[in-house]
Structures are given as C-alpha cells and as structure tokens.
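Here's a quick briefing to read with the model open next to you. Take it topic by topic, and find each residue as you go.

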Amino acid sequence: MEKLRTVVNFCIRYQKTLGYSIVSLLTIASEQIFSSVAFRCPCNSWNTLYGCVFLLVPALLLFLLGYMVNARTWLLLTGSCPQEKKHCCGFGEKGCFYLKVLAPVTASTLVAPLTWIAVALLSASFYECAASGSSLIRHRVCRDIDKLTACRELLEKIPCDEKVVGQLLNENSASKVGLVSFRAQSQILGWLLIVTIIIVALISTCISRCFSPVSYLQLKFWKIYLEKEREHFETKAKEHAAQLAERNINCFFEATNPPPFQTPSNDNWQKISFPYAFSKNNQYYSMIHKYANASRGNISTVSEGDQICSALGFVDEAHTSEQAF
C-alpha cells in the first residue's frame, strides 16, 4: 500500500511532464502506424501536394485538437460572451489579457504537432515524397539536362524505387548527389527541429522562472495548497450537490414547498472561474482564495496591476485536471 501511495504521489507531482511524455509517445506511435498503413506516395506530379498533406495536415489537426482538450481554453471562453454584450467575447479591453492566458496554452498545444513533424522528418517518407516533386529541386537538378521531362519523371519515381537515384546521377553531375539525397535531408531537418524545440523550451522555462514573482519554496507551498483546495472543493461540491438534489427530490415526491437553500449565484461562479492573475498588492493563491478574502460580490476578476505569469500557470490547472470540451 505504501508503494502504491508513493507511485500515486509521484504521478501527481510530475503529472504535467508525464502528460507531455504520453502525448509524445502516442503521437510517435500514430505516425508510425499512419505512415506504414495509409501512406503511399503516388510517384507522379502529385508528389509535393501528397507529401505536404501527410506531413502538415495531421500536425494542424493535432494543434486544433490540443486547443479543444485544453481546459484553460474553456476556462477562458466559457461565459465570456454573455448575450447582453454587443461586442464578441470582450476582446476590446480584455484582449491583451486573453492573449497572455492563451500564450502558455498554445505552447503546450504545440507538443503533439511538433512531435509529429519531427518524427515524420526522421522517418523521411513524407519529406522524400514531397521533395521529389518540388519545382525548386527539379530546377536545380535538371537544369543542365536536355531531357527535362525524363529527368522530372525520374525524380518523381525516387520514393518508389531507390535505383532511380543511380540512373539519375549517371545523367547528371555527381556534385548534385546531395540534392537528391532526400532521406538524409529529411533526417537532418528532423534533428535540427528537435534541437531547436529543446533549446527554445529550455530558454523559455529559464526566462519564465527568472521573472517569477515568488520564490522556489513558495511555489512548492503554492502547489501543495492548490492540491488541498481542489480536494476540499470536490468533497464540498459533492456534498452540496447531494443535499440540493435530495431537497428537490423530496419536494417532488412529497409535494411540499422547498426550504431555503443557500447556493452560489451565477455571478459568484463566474468570478471564481476566471483565469488567475497575480497581484503584488494582494497575495491570493487562487480565485477562490481571492473571493474568500474580498467582500463577497465586490471581487474584481482583473484589477489594475494584475499580471499573467507563465510560471503560475499551474494555478488554473489545479481545478481543470479533468480536461473536456
């Protein structure tokens, strides 16, 4: 039992890293299955379009799906377009605030599509198909050959028959061998993309932690507090919902008037559901903490001087661990 508790605590502590790892592994497996089962390069004039579609369209779909399953997206958008407002979603005065919230969401959403592109480049099938039909490659390889049509056809057949490369080089300069080494080009681009992603992620994490408004130990305490707050919130919400349901069912079957029952108003729910913004003047660990310490009904979701800190993105994630749309 103690070992199980240790494993559970480890998963909770590193749930974000584990989540990214699982998403990356699933993306890699999907790419391998997709390329071996569905991908068949036509080896004709459709090569470029066909290869680019398989390389980029799944990445775009994964990017959009990442937004759909990210709970912070719906935390920001849900209820932000009330009917009494004429302008859409409040992007007039709160547009900058919304963009700051969506920036870390976008960064986390890019994990799956970039993984897809990197793995696809390392496997080289999609790039080889797309590059073999590229007009740029065709112009550089075939410009010194009299039979341009034959050269173009040979280039387009490279993904289907590697022996065509030798035939093409016999009719061309050996110095251009690098231009038709599509698999090597693809794998080099794949590794460059992976290195770039790691460097950008490291630099952005360092900058985020450098500009964190609180210390390392306070961040640790903050995460412990949010975990306990989430546990108490779920327990209290279940009890409250059960009591309300019991009262309503009793009134229905017993045909009696319902007794008074205190429950949060729509306005109060909206206030604690708004994305968290850090304030130097008033230190709150969550929107519920802010609501509890402010005069009920007088809490403002965004005050002057409030700032969105990427290092504090875990505050909104504490109550949105069950991602759904």
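A residue counts as buried when its relative accessible area is under 20%, as exposed when that area is over 50%, and as partly exposed in between. Take Tyr-285: its relative accessible area is 12%, so this residue is buried. Keep in mind that you're looking at a predicted model.

**Disulfides**

- Let's start with the sulfurs: a disulfide is a covalent bond between the sulfur atoms of two cysteines.
- How many disulfides does the count come to? The count is two.
- One of them joins Cys-41 to Cys-129, with 2.1 Å from S to S. Cys-41 sits in the loop between α2 (15-37) and α3 (47-69), while Cys-129 belongs to helix α7 (residues 125-132), so this bond ties together parts that lie 88 residues apart in sequence.
- The torsion about the S-S bond of Cys-41 and Cys-129 is about 80°, so this disulfide is right-handed.
- Both ends are tucked away: Cys-41 is buried at a relative accessible area of 15%, and Cys-129 is buried at 0%.
- Another disulfide runs from Cys-43 to Cys-160, with an S to S distance of 1.6 Å. Here distant parts of the chain get linked, since Cys-43 is in the loop between α2 and α3, Cys-160 is in the loop between α9 (148-156) and α10 (163-170), and the two are 117 residues apart.
- With a torsion of about 95° about its S-S bond, the Cys-43 and Cys-160 disulfide is right-handed. Cys-43 is buried, with a relative accessible area of 14%.

- A disulfide needs the two sulfurs within 2.5 Å.
- Cys-52 is partly exposed, at a relative accessible area of 32%.
- Cys-210 is in no disulfide either: its nearest cysteine sulfur, that of Cys-206, is 8.7 Å away. Cys-210 counts as exposed, with 61% relative accessibility.

**Aromatic rings**

- Searching the whole structure turns up 16 aromatic pairs.
- One of these is Phe-54 with Phe-126, a tilted pair with 5.7 Å centre to centre and 45° between the planes. Phe-54 is in helix α3 and Phe-126 in helix α7, so to speak a link between distant parts of the chain, 72 residues apart.
- Phe-54 counts as buried at 12% relative accessibility, and Phe-126 counts as buried at 0%.
- Now look at Phe-221 and Tyr-285: their ring centres are 5.5 Å apart and their planes sit at 70°, so this pair is edge-to-face. Phe-221 lies in helix α12 (residues 216-254), and Tyr-285 in the loop between α13 (266-273) and α14 (287-293), so the pair ties together parts 64 residues apart in sequence.
- Is Phe-221 buried, partly exposed or exposed? At 43% relative accessibility, Phe-221 counts as partly exposed, whereas Tyr-285 is buried at 12%.
- There's also a cluster: ring pairs link Phe-34, Phe-39, Tyr-50, Phe-54, Trp-116 and Phe-126.

- Which residues of α7 are buried? They are Phe-126, Tyr-127, Glu-128, Cys-129, Ala-130, Ala-131 and Ser-132.
- Ser-123 is found in helix α6 (residues 111-123). This serine is buried, with a relative accessible area of 18%.
- The side chains of Ser-123 and Glu-31 are joined by a polar contact of 3.3 Å.

**The cavity**

- Rolling a probe the size of a water molecule over the atoms shows where empty space is left.
- In the whole structure, one cavity of 30 Å³ or more is found. The largest cavity has a volume of about 40 Å³.
- What lines the largest cavity? Its lining is made of Tyr-276, Ala-277, Ser-279, Asn-282, Tyr-284 and Lys-290.
- Sorted by class, that lining has three nonpolar residues, two polar ones and one charged one.

Notes
Residues are numbered from 1 along each chain as its sequence is written. Side-chain values use heavy atoms; hydrogens and water are left out. Helices (H or I, at least four residues) and strands (E, at least two) are DSSP runs, numbered from the N terminus. Buried means under 20% relative accessible area, exposed over 50%, partly exposed in between (1.4 Å probe, protein chains only). On a 1 Å grid over the protein atoms alone, a cavity is a set of points where a 1.4 Å probe fits but cannot get out, and a pocket is an open set with protein on both sides within 12 Å along at least five of seven lines; lining residues have an atom within 4 Å of a point. Grid points are joined across faces, edges and corners, and a volume is the space filled by probe spheres set on the points. Ala, Val, Leu, Ile, Met, Phe, Trp, Tyr, Cys and Pro count as nonpolar, Asp, Glu, Lys and Arg as charged, and the others, Gly among them, as polar. Rings of Phe, Tyr and Trp (its six-membered ring) pair if their centres lie within 6.5 Å; planes under 30 degrees apart count as stacked, over 60 as edge-to-face and the rest as tilted. A polar contact is a pair of N or O atoms within 3.5 Å; within protein, one must be able to donate a hydrogen and the other to accept it, and residues adjacent in sequence count only if both atoms are side-chain atoms.
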